[in-house]
Amino acid sequence: MTLHRDSIAALAVLAVVGAAWVDISRVAVAAAMFPQMIVAAMGILAAIMFVQGMRRAAPEQPFVDHARNLALALGLTVAYIAAVEPVGYFLATLVFLPALAYGIGARGWAVPVVTLGFTATVWLVFVYGFSRRLPLGMLFDN
Amino acid sequence: MWDGLIHALPGVFAWQNVLAMMIGVVSGIVIGAMPGLSATMGIALLIPLTFGMEPLVALALMAGIYNGAMYGGAIPAILLRIPGTPAAVATTFDGHPMAQRGDAARALQISCLSSAVGGSMSALALMLLAPPLVLVTLMFGPAEYFWVAIFGLASVSVLLGKDPVKGLLAAAFGLLLATVGIDNVSGHERFTFGNMYLVGGLHVVVVLTGLYALPPIFMLCEDAAKRAGSEGMAKLRASAGLFHEWTSFIVTWIRASLIGIVIGILPGAGGSLAAFLAYNEEKRTAKNPAAFGQGEPRGVAAAECGNNADNAAALIPTLTLGVPGSAVAAVIMGGLLVHGLQPGPALFRDHADTVYGFMIQMLLTSVLLVFFGGVLASRIFAQVLRIPPAMLAPCLLALCVVGVFSVQNSMFDVYLMFGFGLIGYAMDRLGFPLAPVVLGVVLGGIAEMNLRMALIIAQGDNWLLVSSTVSQIIIALTLVVLFVPLIRHLRERRREARPAG
């Protein structure tokens with residue numbers, strides 16, 4: 001038997017509820033009271049959602065519209081975030097923007113123009129305008 | 001009240017604030033015009049960028065984006081029959097047929113002027129109703145504030161989504177997130193898992209950006225494969241000015257504004273509901289209802305006026321009680337908290353210039369729509385529909401990263417934001433409403449603090465939590481809100497059980 005996605009989500013919530021209950025049980029009573037009330041409520045609601053899911057027909061809509069594009073977006077974003085500190089925000093952005101744009105279908109002169117324009121605008125607003133210190137990377141940060 | 005408004009005027013008309021309102025309106029129209037982007041997402045994206053700004057400048061940007069985006073949604077709704085925002089769905093009914101018969105410019109003029117009228121009426125309602133309502137909250141003690149927070153969460157959870165269980169679960173998740181970090185009373189760490197970055201708790205901007213801004217961007221990346229540019233866009237031809245015939249819309253505007261204001265004040269009801277109700281009421285009372293859906297200008301006027309009349313009105317319960325009337329209002333409340341502005345009587349007493357200034361900004365940004373939303377402007381804004389999503393999505397992602405990083409100069413926050421983005425995407429796909437999560441994060445601290453204060457005052461007599469009349473009224477309202485879907489469900493089942501005919 002295949003579980004409805006609502007029931008699977010309810011099981012995931014129940015797992016979170018279990019972990020949260022174990023963690024909060026180590027805390028003193030007064031500080032734990034409110035979180036325990038919430039965790040208990042989540043447990044009851046997740047149980048109701050699990051039962052409701054069992055009664056529902058399988059959804060017609062797929063969970064993901066375009067798996068390739070989503071995987072590419074998520075993968076490149078993780079790599080981008082990981083690269084910001086060692087490589088620097090601006091260098092990482094100059095690589096990330098065209099890579100993702102090209103990956104999900106952008107073509108032509110707009111890609112380099114928007115990449116340069118966006119990066120320059122961020123520098124102008126954040127660094128020049130608001131004096132924010134963005135990660136410069138190992139190469140430029142002394 | 002009048003004193004407060006008059007005192008706030010010089011601050012509102014400082015050049016930085018006027019510029020911020022203009023930038024906000026223009027950005028809002030652009031955001032609203034892009035299908036997939038909403039006012040909620042625009043403001044969520046903006047809040048990290050407003051750090052370090054004067055509160056009134058930040059609020060001017062938020063007011064501009066809010067009003068601008070609610071109108072901007074009409075541009076693709078009319079030109080492409082793609083509503084830029086969910087609230088613009090009702091605008092497509094008559095706006096696109098008008099565009100198809102060559103009246104696109106007139107439809108845009110009607111929607112622009114109607115949005116401006118609806119937004120202005122709503123802002124006036126905010127100015128007139130919020131100050132007296134906040135006096136009522138002076139009767140509230142910790143127990144009453146706790147119940148108000150529970151009422152707000154229950155109403156947004158149950159009324160905003162389709163499934164009350166998912167709504168309540170989302171709210172509980174938000175409340176749980178609010179408990180992360182050091183407990184202010186006892187000093188105990190909760191859900192920090194030994195991580196020093198979590199000791200201070202989760203920053204509302206991180207949660208907000210992750211949950212509200214990232215999921216639509218991920219969906220934009222998916223959509224990029226299907227949608228490229230603006231094929232099939234209706235042509236914008238010059239049209240005679242609307243201003244000579246504006247009197248014919250007065251009754252429509254009054255009716256739609258009243259509907260929008262009432263819907264706005266009700267917690268949990270949103271702009272799309274106001275637009276639909278205003279449209280239906282206009283159709284119901286029309287001499288020729290059959291013309292609706294075929295390009296009837298009054299249909300466009302009612303939908304857009306109702307949609308924008310909900311804007312400032314949704315801020316009435318937000319500013320006075322800390323209970324947002326809509327998802328956008330929940331995000332704006334997050335923005336207020338970021339700038340140290342706690343809704344309630346203290347906001348009106350200690351930050352009168354800011355809160356009254358914000359009300360005036362809601363009015364002025366509605367009026368600015370007339371200048372920035374005309375045909376020439378719409379022609380320019382319609383060009384944003386030509387920006388391919390494949391180019392826009394990476395820029396928005398990079399903007400989220402820089403925005404969230406600059407809040408606390410922390411890459412950990414950026415990772416957290418990405419994690420919340422994934423959770424938000426999954427929740428959206430599973431049909432969970434996201435507004436209750438944000439509201440839970442925003443109200444969680446207030447609810448817990450007031451509950452514990454009430455219990456300390458009660459000294460073991462827990463009956464005191466529910467003993468006051470105000471508490472009992474709020475509890476009764478909460479029960480009504482919680483049981484409305486159950487009653488509706490039972491009624492539907494009884495109707496289904498009845499034999500046909």
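# Chatting through chains A and B

Tutor: Let's start with B:Phe191, which sits in the loop between β2 (189–190) and α10 of chain B. Keep in mind that this is a predicted model.

Student: OK, what's the phi of B:Phe191 like?

Tutor: B:Phe191 has a positive phi of about 50°, although it is not a glycine. For background, most residues other than glycine have a negative phi.

Student: How much of chain B counts as buried?

Tutor: Of its 501 residues, 62% count as buried. Also, if you take contacts in chain B between residues at least 6 apart in sequence, 79% of them join residues at least 24 apart.

Student: What does B:Ala447 touch?

Tutor: Not counting residues up to four places away in sequence, B:Ala447 touches B:Phe146, B:Ala149 and B:Ile150. Have a look at B:Tyr145 as well: B:Ala447 and B:Tyr145 are 302 residues apart in sequence, yet 7.2 Å apart in space, C-alpha to C-alpha.

Student: Back to α21(B), then. At what angle does it pack with α9(B)?

Tutor: Helix α9 (residues 164–178) and helix α21 (residues 435–458), both of chain B, pack at about 40°, with their axes 7 Å apart. That angle makes α9(B) oblique to α21(B). Their crossing is right-handed.

Student: Which residues meet there?

Tutor: Those from α9(B) include B:Gly167, B:Ala170 and B:Phe173, and they meet a set in α21(B) that includes B:Pro436, B:Val441 and B:Gly445. By class, the contact of α9(B) with α21(B) divides into twelve nonpolar, five polar and no charged residues.

Student: What about α2(B) and α17(B), how far apart are their axes?

Tutor: The axes of α2 (residues 15–33) and α17 (residues 352–372) of chain B are 10 Å apart, and the angle is about 60°. These two helices are therefore oblique to each other, and α2(B) passes α17(B) in a right-handed crossing.

Student: Who makes that contact?

Tutor: Among them are B:Met21, B:Val25 and B:Ile29 of α2(B), with B:Leu364, B:Leu368 and B:Phe372 of α17(B). The contact of α2(B) with α17(B) has nine nonpolar, three polar and no charged residues.

Student: New topic: how many residues of chain B are in contact with chain A?

Tutor: There are 43 from chain B, in contact with 51 residues of chain A. α19(B) gives the most to the side of chain B that touches chain A, with eleven residues. That side has 31 nonpolar, six polar and six charged residues.

Student: And how is chain A divided?

Tutor: Into domain 1 (5–55) and domain 2 (67–129). The C-alpha centres of domain 1 and domain 2 of chain A lie 38 Å apart.

Methods
Residues are numbered from 1 along each chain as its sequence is written. Chains are lettered from A and ligands numbered from 1 in the order in which they are written. This is a predicted model: local features need pLDDT of at least 70, side-chain atom pairs count only at pLDDT 80 or more; totals for chains, interfaces and linings use all residues. Axes are lines fitted to C-alpha atoms, for helices over the stretch in contact, and angles run from 0 to 180 degrees between N-to-C directions. Helices (H or I, at least four residues) and strands (E, at least two) are DSSP runs, numbered from the N terminus. Angles under 35 degrees count as roughly parallel, over 145 as roughly antiparallel, 65 to 115 as roughly perpendicular and the rest as oblique. A crossing is left-handed if the near helix is turned anticlockwise from the far one by less than a right angle, and right-handed if clockwise. Two residues are in contact if their C-beta atoms, placed from the backbone, lie within 7 Å. Ala, Val, Leu, Ile, Met, Phe, Trp, Tyr, Cys and Pro count as nonpolar, Asp, Glu, Lys and Arg as charged, and the others, Gly among them, as polar. Domain bounds come from an automatic or database domain assignment. A residue is buried if 20 or more other C-beta atoms lie within 10 Å of its own, exposed if 12 or fewer, and partly exposed in between; C-beta atoms are placed from the backbone.
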